[in-house]
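Open the model in your viewer and keep the sequence panel beside it. The stops below say what to select next and what is there.

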Amino acid sequence: MGIRKYVMLGALALASVSLPALSASAEDVTINVWSLDRDIQPAPNLIKDFNKLNTGIKVEYRQIQFDDVVSEAMRAYSTGQAPDIIAVDNPEHALFASRGVFLDLSEMIAKSSVVKPENYFKGPLASVSWDGKYYGVPKATNTIALYYNKDMFKAKGLDPDKPPQTWDELVEAARKLTDPAQNVYGITFSAKANEEGTFQFLPWAQMAGGGYDNINAEGAVKALDVWKTIIDEKLASPDTLTRSQWDATGTFNSGNAAMAISGPWEIDRMLQEAKFDWGVALLPVPELGAERSSAMGDFNWAVFANTEHPEEAFKVLEYFVSQDDRMFKDFGQLPPRSDIAIPATGEPKKDAALQVFVEQLKYAKPRGPHPAWPKISKAIQDAIQAALTGQMSSKEALDQAAEKIKAVLG
Amino acid sequence: MKRILSSITDGRGFDIGLVSLPLAFLFVLSGLPLVYNVVMSFQEVDMFSLGSFWRPFVGLKNYIDLFSQPETWPILLNTAIFVTASIAGQFLIGFGLALFFWVNFPGASWLRGLFLVSWVMPGLVVGAIWNWILSGDFGVLNFLLRETGVISGNIFWRSDPDYSLWAVIIANVWLGTSFNMILLSVGLSGIPKDLYEAAELDGANALQRFWTITLPMMRSTIGAIVALGLIFTLQQFDLFAAITSGGPNNTSNVTQYWAWDLSFRQYDFAKGATISVIMIVFVMFASVVYVRSTRHEVRG
């Protein structure tokens, strides 16, 4: 091979390296965003608006399914195909943050004039933190409360303006409202063998002095006993054990359950579907005056540590945060921030429900944060289901869960 | 050099080349992942060490941990029940249908084709439909059973620990029956008609003809179907995900779903791999039995 050939090859190699670099600088920087938001939910709409601003950053969106968020993200990360930004469920944030998979945003947040930690509710902010640093930005927040059918309360001689306050009152009301002849159960909720089951049960345990690190506390056992009473007496459908919150609340909307424990994501659907008068109440407590607690749900934004454009990705996040005041008005989701007053929508049921949820949110606690949360959660789900199916007593089931969780916590 | 080349153009080298190509393909696409899976079961793996091969070896720890978990034996038992009942149900109903359509009435082949619809449908769709059918309060199945007086109260197929596994089995039998039927129909049509005519002349009744002609002639087809059935039922995953999610409290959990749950929901990839290794052992055992039972047919 002659020297000229080498020169040619060298030139070719140089050209192939520099060409894409040139063309890239001429084009926009592309930021990939993954989330589970559908077309009527925030992410795709905010991205559409952002792209119209022509900031030199082009955002591409991909919708992923709830069950796939972590496994997709994980596979993408380990093969180097991760997007720049992803929305993850808040209890799973620590899993990624603790291993440095998410970018530490603390410095950028400190300099930012848009993202300010002091603006956020404590719960959501705790869920993006790990080791004193911020590995993300809360996207939205939610919690659960008690929906109830006012028409049915009236029909059964209960005061529709006095929803049950305590566990005993709740069970008592459920007994009165249950009407097998009409296919009506007193209450509906979800005890499914996935994160939803944990999400629904944990607040009950926390109100009675338990918690994920103390799951077999006396109060937690009592809470599970209440659930067991509800299932054993068929005050709730036995399918509660396999039904998601969305499906469970569907039976409330269609008039087959008189009360439902669910979150604000149901409000819009309920306004459309429910042909009766309904209201929302705070989650009942063990006894009057007891500490309130609630579950905290919804997703956080995070930037993957191996992104090529951290600055641009953060700019996109800043845009999302700057639109937080639209979250409820346009998408029916609660912004995770205490500094945003939510405007009245003009829909009285929606506004009344919202006030209850905002009140309930004050007591919301994040699940974890712990890097091994899925294992902790699985132990809790198994305990709930073992007790509700009568395979173990509530005490035995929660003792076993406590043992499994102890092994995880180390 | 010349000898090697000429052996490729005319001789043993060509045969070896032909065989080694698919072998290499098999090794890369099936063998390596299998070995990788076995190696993983002896390592400590989490989601972030997934991309690298060099991970701490822990010996038999994963196996010991697995078998000290209280749910392991019930789940293995569930798997055995699921596989046996599914194969038996699919085969018996499939065989019955195949015999039925063998009687050539007008429109028989057309109807038989329609049965394949269930086999063509994606598992998740089948799961979603059966999820509604089996629903406790408003399910169609409960409605039918109640109206015909078989049951007095609703059965909570998905949520009652006594029924949850059977809910998935019912759906799986429905899903696999048509495939069994088609394969068995092909086997049936391969039996020469004159055998039956001769037997009939000798005075053999229908049952005798079935036992002495149909079954023996179908032996290799039946062997193949049972082996395929074992593979298909051991892979069945969608129905569990759609109908029960393995619940309540693992009463409908089987190894294949559990392996996924451990790997992709609890991120314990080593344990997920460990269960897969146990499943590989079972399949190997089953395939040895299958190969031995049909060996003389292959040679004959």
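**Stop 1: the interface**

Across the interface of chain B and chain A, the rule finds 3 salt bridges, each a side-chain nitrogen of Lys or Arg within 4 Å of a carboxyl oxygen of Asp or Glu. Bear in mind that this is a predicted model: local features need pLDDT of at least 70, side-chain atom pairs count only at pLDDT 80 or more, and totals for chains, interfaces and linings use all residues. Residues are numbered from 1 along each chain as its sequence is written, chains are lettered from A and ligands numbered from 1 in the order in which they are written, and side-chain values use heavy atoms, leaving out hydrogens and water.

Select B:D137 and A:R243. Their side chains meet in a salt bridge, at 3.8 Å from N to O. Helices (H or I, at least four residues) and strands (E, at least two) are DSSP runs, numbered from the N terminus.

Pick B:F48, B:N249 and B:Y267: they supply 23% of the area that chain B buries against chain A, more than any other three residues.

**Stop 2: the open sheet of chain A**

Show chain A alone. Five strands form an open sheet in the order β2-β1-β3-β12-β6, with mixed pairing. Two strands pair if DSSP finds at least two bridges between them. At the edges are β2 (57-63) and β6 (137-138) of chain A, each pairing on one side only.

Zoom in on β3 (residues 85-89) and β12 (residues 299-303) of chain A. They run antiparallel, joined by 5 bridges. Here A:A87 stands opposite A:W301.

**Stop 3: a buried strand**

Select β9 of chain A, residues 257-262.

Strand β7 (residues 145-149) of chain A runs antiparallel to β9, with 4 bridges, and A:L146 stands opposite A:I261. Strand β8 (residues 185-188) of chain A pairs with β9 in the parallel sense over 3 bridges. There, A:I187 stands opposite A:M259.

Note on methods. Buried < 20%, exposed > 50% of the residue type's maximum accessible area, 1.4 Å probe, protein only. Buried area = accessible area lost by both parts, 1.4 Å probe.
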